[in-house]
Structures are given as structure tokens and as C-alpha cells.
Amino acid sequence: MADVSNELIFEVLKQVQQRLDKVDHKVDELKSEMNAMRGYLISMQQDVQNVYGILGRYDGRLEHIERRLELNDAPTMSA
């Protein structure tokens, strides 16, 4: 079996530390990308809610116009 010295263990631990530093950096990058995606999704959700609000107002206005013009979907029974 190979003789393991303190120097060899120290060198391996230094390499492990360097790799962990790189992993930490990559994790930080991924976190910032995820935060950017979260912000983008929130803005899209707000846009969709705005569209629904506008459509709701148009629906209300259309109903008002139909009532005013006395337009009904129900068939009339005329003899």
C-alpha cells in the first residue's frame, strides 16, 4: 500500500477546496439567474392579470351596450 503523507493529504485538500470554490461561484450564478427568471415570471403574471382586467371591463361595456340596444340571446316567440 502506498505511503500517505501529510503533504499529500494537504495537496488533495487544496484541490478539493479549489473545486468547492468553483462550485460556490457557479451556485451564486445560478441563484442570480433564478432571481432574474422569477422577476420575469412575476412581470408576465402581472401582464396577464392586466389583460384579464381589460377584458373584464370590455365585457361589462358590451353587456351594457347589449342591454341598451335591447339585444337578447333568447329567441322571441312571435305569432
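What does the secondary structure of the chain come to, in helices and strands? The points below begin with that and then go along the chain.

1. Overall content. This is a predicted model. Its secondary structure comes to 1 helix and 0 strands. Helix 1 covers residues 6-68, and the chain has 79 residues.

2. Helix length. The 63 residues of helix 1 should span 93 Å at 1.5 Å a residue.

3. Burial and surface. How much of the chain counts as buried? The share is 0% of the 79 residues. Being buried requires a relative accessible area under 20%. The accessible surface of the chain is about 8,200 Å², and carbon and sulfur atoms account for 58% of that area.

4. Nonpolar patch. Which residues make the nonpolar surface patch? Val4, Leu8, Ile9, Val12, Leu13, Val16 and Leu20 do, and the patch has an area of about 600 Å². One of these residues, valine 4, is placed in the segment before helix 1. Valine 4 counts as exposed because its relative accessibility is 52%, the cut-off for that class being over 50%.

5. Salt bridge of lysine 14. The chain has a count of 2 salt bridges. In one of them, lysine 14 pairs with glutamate 11, with 3.3 Å between the closest N and O atoms. Both residues belong to helix 1 and are 3 residues apart, about one turn of the helix. Glutamate 11, at 39%, is partly exposed.

6. Salt bridge of glutamate 29. Here the partner is lysine 26, and the closest N and O atoms are 3.9 Å apart. The cut-off for a salt bridge is within 4 Å, so this pair counts as one. Glutamate 29 and lysine 26 are again both in helix 1, with a separation of 3 residues, about one turn of the helix. Glutamate 29 is partly exposed, its relative accessible area being 32%. Lysine 26 has a relative accessibility of 49% and counts as partly exposed; the exposed class begins over 50%.

7. Negative patch. Which residues gather in a patch of negative charge on the surface? They are Asp59, Glu63, Glu66 and Asp73. Among them, aspartate 73 sits in the segment after helix 1. Aspartate 73 is exposed, with 82% relative accessible area.

8. Glutamate 70 belongs to the segment after helix 1. With a relative accessibility of 69%, glutamate 70 counts as exposed.

9. Summary. The predicted model has 1 helix and 0 strands, and 0% of its residues count as buried. Its surface carries a nonpolar patch that includes Val4 and Leu20, and a patch of negative charge that includes Asp59 and Asp73. The 2 salt bridges join lysine 14 to glutamate 11 and glutamate 29 to lysine 26.

Terms used:
Residues are numbered from 1 along each chain as its sequence is written. This is a predicted model: local features need pLDDT of at least 70, side-chain atom pairs count only at pLDDT 80 or more; totals for chains, interfaces and linings use all residues. Side-chain values use heavy atoms; hydrogens and water are left out. Helices (H or I, at least four residues) and strands (E, at least two) are DSSP runs, numbered from the N terminus. Buried means under 20% relative accessible area, exposed over 50%, partly exposed in between (1.4 Å probe, protein chains only). Accessible areas come from the Shrake-Rupley method with a 1.4 Å probe; for residues, only the protein chains shown count as cover. Patches are made of residues with over 30% relative accessible area and no salt bridge: like charges are joined within 9 Å, nonpolar side chains (Val, Leu, Ile, Met, Phe, Trp, Tyr) within 5 Å. A salt bridge is a side-chain nitrogen of Lys or Arg within 4 Å of a carboxyl oxygen of Asp or Glu. The expected span of a helix is 1.5 Å times one less than its number of residues. Lys and Arg count as positive and Asp and Glu as negative; His and the chain ends are not counted. The place of a charge is taken as NZ of Lys, CZ of Arg, CG of Asp or CD of Glu.
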